[in-house]
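My notes follow the order in which I looked.

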Amino acid sequence: MNNGIVIVAHAPLASALRQCVAHVFPERVDGVLAVDVAAADAPAHSAAQARQALAAWDGRPLLLLTDILGATPCNVARELAQGRAACVLAGVNLPMLLRAVTYQHESLAELAERARSGGTQGVVPVPLPPA
């Protein structure tokens with residue numbers, strides 16, 4: 001069984017990132033769940049919605065990717081990880097997510113490291129043409 005990948009981020013970032021997965025890896029999008037945390041929602045409400053969405057993945061190891069360390073989506077992700085095989089990484093970006101989807105079948109520890117390195121390696125300066 002592949003690891004589940006859950007994106008927990010400020011709305012609409014989680015859904016937008018999942019749509020990118022659908023574009024690049026349409027055959028794997030079912031293994032990625034998006035939890036958009038709306039500004040108007042209480043953290044408890046967001047966590048309850050996320051738990052309900054995760055019910056079908058009971059027992060599946062989870063890689064939870066969130067946007068900002070310490071923000072509400074990060075706190076929701078931490079809560080979702082409690083009591084299960086899970087890893088939470090903050091600073092989600094598209095290179096991180098695509099790397100995670102590519103290696104979703106590996107152990108949770110290996111997957112988390114590949115996602116982390118993909119996220120950092122994806123941030124590079126872009127050379128500009130001469131003016």
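Entry 1: I started at Glu110, which sits in helix 5. Helices (H or I, at least four residues) and strands (E, at least two) are DSSP runs, numbered from the N terminus. Glu110 counts as partly exposed because its relative accessibility is 44%. I use buried for under 20% relative accessible area, exposed for over 50% and partly exposed for in between (1.4 Å probe, protein chains only). From Glu110 to Ala100 I count 10 residues in sequence and 9.8 Å in space, C-alpha to C-alpha.

**Ground rules.** The model is predicted, so I note that local features need pLDDT of at least 70 and side-chain atom pairs count only at pLDDT 80 or more, while totals for chains, interfaces and linings use all residues. Residues are numbered from 1 along each chain as its sequence is written, and side-chain values use heavy atoms, with hydrogens and water left out.

**Entry 2: helix 5 itself.** Helix 5 covers residues 108–121, 14 residues. From first C-alpha to last it reaches 20 Å, close to the 20 Å expected at 1.5 Å a residue. The expected span is 1.5 Å times one less than the number of residues. Which residues of helix 5 are buried? I find Leu108, Leu111, Ala112, Ala115, Ser117, Gly118 and Gly119. Their cover includes strand 3 (62–66), strand 4 (86–90) and helix 4 (94–102).

**Entry 3: helix 4 on helix 5.** I looked up the axes next. They come within 7 Å and cross at roughly 150 degrees for helix 4 and helix 5. That makes helix 4 roughly antiparallel to helix 5. Axes are lines fitted to C-alpha atoms, for helices over the stretch in contact, and angles run from 0 to 180 degrees between N-to-C directions. Angles under 35 degrees count as roughly parallel, over 145 as roughly antiparallel, 65 to 115 as roughly perpendicular and the rest as oblique. Helix 4 passes helix 5 in a right-handed crossing. Right-handed means that the near helix is turned clockwise from the far one by less than a right angle; left-handed means anticlockwise. On the helix 4 side the contact (heavy atoms within 4.5 Å) uses Pro95, Met96, Arg99 and Ala100. Helix 5 brings Leu111, Arg114, Ala115, Arg116, Ser117, Gly118, Gly119 and Gln121. I sort the contact residues into 5 nonpolar, 4 polar and 3 charged. Here Ala, Val, Leu, Ile, Met, Phe, Trp, Tyr, Cys and Pro count as nonpolar, Asp, Glu, Lys and Arg as charged, and the others, Gly among them, as polar.

**Entry 4: helix 1 on helix 4.** The axes of helix 1 (residues 13–24) and helix 4 come within 10 Å and cross at roughly 50 degrees. Helix 1 is therefore oblique to helix 4. Their crossing is right-handed. Leu17, Cys20, Val21 and Val24 of helix 1 meet Leu94, Leu97, Leu98 and Val101 of helix 4. What is the make-up of this contact? I get 8 nonpolar, no polar and no charged residues.

**Entry 5: helix 2 and helix 3.** For helix 2 and helix 3 (residues 72–81), the axes come within 10 Å and cross at roughly 45 degrees. The pair is therefore oblique. Pro43, Ser46, Ala47, Ala50, Arg51 and Leu54 of helix 2 touch Thr72, Val76, Glu79 and Leu80 of helix 3.
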